[in-house]
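Okay, thanks everyone, I'll keep this short.

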Amino acid sequence: MSMFGGDNELGNILQEAVKLKSAQMGQKRLTYEKWPFFVQHTLFHGEKDDFKAWRQLPFVEKMEKSDKIKDDGNDLYAKGSYSDAVDKYEEAATMVHYCYSTDPGWRKNNRGIDDDVLVLVVDEGTNEEEKQQYRKLRLACCLNLATCKQKLEKYDEAIVACDVALDLDPDNVKALYRRAEARIRPSSSTAYDLDLAIKDLAKALSADPKNNMVEKLLKRLRGERKVQRDKDSKTFTGMFERGEVYDKGMENSTAPCQSELEMREVQKRIDDISDNDSLEKRCEDAELLRDLYMRNGKEDEAKELNEKIKAAKTAIKTQSETAPPKLNWTSPTPEMIEDAKKHGLDLTDPLVIEELSRLEREGMPQDEDSLDEGSASTSASRGGATDLPLPEVDWSETVPWLRYIILFVLIAVAWRLLHAGFLRWLLRFVWRHILRIPQILGLGEDMDDERGSMFAAAYRKIAGLFGGADEDGEL
């Protein structure tokens with residue numbers, strides 16, 4: 001990646017233009033963005049000729065194709081090719097549940113993905129039996145996708161796949177168990193995620209009381225939550241001069257209690273956050289309030305606040321990743337030297353290194369005045385020599401092209417006339433008829449070619465006066 005392309009005004013303008021274009025495109029695909037990732041991908045499956053043909057088959061033949069592709073995905077999963085297996089599971093369901101664009105040229109023109117021309121197709125067959133086959137196929141694909149995404153450590157996408165599976169079968173134990181696992185496995189999981197995982201596992205155990213795997217995980221997570229809550233109680237005791245942060249009897253009480261008052265205190269603390277507080281500190285305060293919401297049954301408020309916390313943490317991560325690295329101009333790497341050459345800079349030149357170091361130290365000038373001052377100070381540091389300013393050119397001045405064309409035509413005509421002997425004729429005309437030199441010298445009007453030119457005749461006449469030559473011009 002170029003280290004110089006984004007450090008100039010043009011680069012910044014291009015970056016802003018890309019952001020603006022992305023924002024504009026995002027407004028055109030709001031519905032598309034709400035679909036699960038594997039449904040979004042079906043738009044691209046439809047660009048393949050074989051999938052286009054398979055989607056036109058009768059429902060029974062579609063299911064046969066889908067089952068075969070799903071089995072191929074199972075084989076890839078058994079071999080450990082989880083990414084390839086994901087592709088197969090997505091393709092298996094794309095026969096009966098997919099989207100397509102009514103604009104055949106959406107990938108080549110500037111329209112792109114646009115909700116106005118997108119159509120979502122749900123082919124559930126023509127009877128109840130075919131509808132059950134449709135739900136069974138999609139449920140199996142979603143559960144398998146969730147498993148693969150967990151293997152690939154893409155836990156957010158695993159949760160999405162489980163959400164769709166639970167829409168198809170709300171009490172599906174596998175979907176509840178895998179979603180609970182996906183919530184707690186990331187190192188960034190919080191107490192909020194732990195509470196949601198416990199809730200999923202409790203529902204799964206209710207649907208299948210004899211499932212030892214669900215019971216074991218639920219018991220472990222409840223133990224971890226109890227330890228964490230006891231630790232939080234000791235940590236935050238007296239924090240607001242009100243005793244414990246939460247009341248253990250809150251779940252069985254409908255009247256306002258101490259925890260409700262303390263949540264209001266935390267909320268006030270959130271409202272009083274100023275711009276001087278770091279984003280990390282604000283996230284910590286918000287997480288405290290979110291956990292209080294969750295533990296006191298306010299799941300909607302906790303969910304909404306958790307989304308804001310995620311967005312803030314993403315911003316923190318992006319900011320830290322995009323921070324420009326400190327460059328050592330005095331010892332440039334070979335990559336820096338090669339990249340600089342593409343932009344006409346020689347990093348082996350001490351003067352160039354001095355200027356780049358100054359710009360990094362002082363920052364890029366904000367206007368023309370500061371630029372002139374910086375150039376002058378740099379020139380003075382190099383021994384007092386200053387560069388002459390470049391002449392200013394007024395590009396708004398109109399070029400008189402017509403005058404230039406007429407001038408070139410006149411020059412060409414004059415050259416042709418000169419080549420044809422016009423100048424010689426003109427001189428003779430002026431000599432004989434205007435200056436009348438032959439009559440004055442007595443040479444006569446007419447002179448034949450044998451006697452030579454009138455200039456030669458005049459020469460012989462003058463020479464005869466001084467006795468230097470005879471009539472033939474011999475001395």
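So, H7 and H8 cross in a left-handed way. Keep in mind that this is a predicted model. H7 is residues 82-93 and H8 is residues 128-151, and their axes sit 9 Å apart at an angle of about 160°. Anything over 145 degrees counts as roughly antiparallel, so that's what we call H7 relative to H8.

Who's touching whom here? From H7 you've got Tyr 82, Ala 85, Val 86, Tyr 89, Glu 90, Ala 92 and Ala 93. Across from them, H8 brings in Leu 137, Cys 141, Asn 144, Leu 145, Cys 148, Lys 149 and Lys 151. Sort the residues of that H7–H8 contact by class and you get 10 nonpolar, one polar and three charged.

Okay, on to the other pair: H10, residues 173-184, and H11, residues 191-207. Their axes come within 8 Å and cross at roughly 160°, which makes H10 roughly antiparallel to H11. The crossing of H10 with H11 is left-handed.

On the H10 side, the contact uses Val 173, Leu 176, Tyr 177, Arg 179, Ala 180, Arg 183 and Ile 184. H11 answers with a list that includes Asp 193, Leu 194, Leu 196, Ala 197, Asp 200 and Leu 201; Lys 203, Ala 204 and Ala 207 of H11 are in there too.

And how many residues of each class are in the H10–H11 contact? There are 11 nonpolar and five charged, with no polar ones.

That's it from me.

How values were computed
Residues are numbered from 1 along each chain as its sequence is written. This is a predicted model: local features need pLDDT of at least 70, side-chain atom pairs count only at pLDDT 80 or more; totals for chains, interfaces and linings use all residues. Side-chain values use heavy atoms; hydrogens and water are left out. Axes are lines fitted to C-alpha atoms, for helices over the stretch in contact, and angles run from 0 to 180 degrees between N-to-C directions. Helices (H or I, at least four residues) and strands (E, at least two) are DSSP runs, numbered from the N terminus. Angles under 35 degrees count as roughly parallel, over 145 as roughly antiparallel, 65 to 115 as roughly perpendicular and the rest as oblique. A crossing is left-handed if the near helix is turned anticlockwise from the far one by less than a right angle, and right-handed if clockwise. Contact means heavy atoms within 4.5 Å. Ala, Val, Leu, Ile, Met, Phe, Trp, Tyr, Cys and Pro count as nonpolar, Asp, Glu, Lys and Arg as charged, and the others, Gly among them, as polar.
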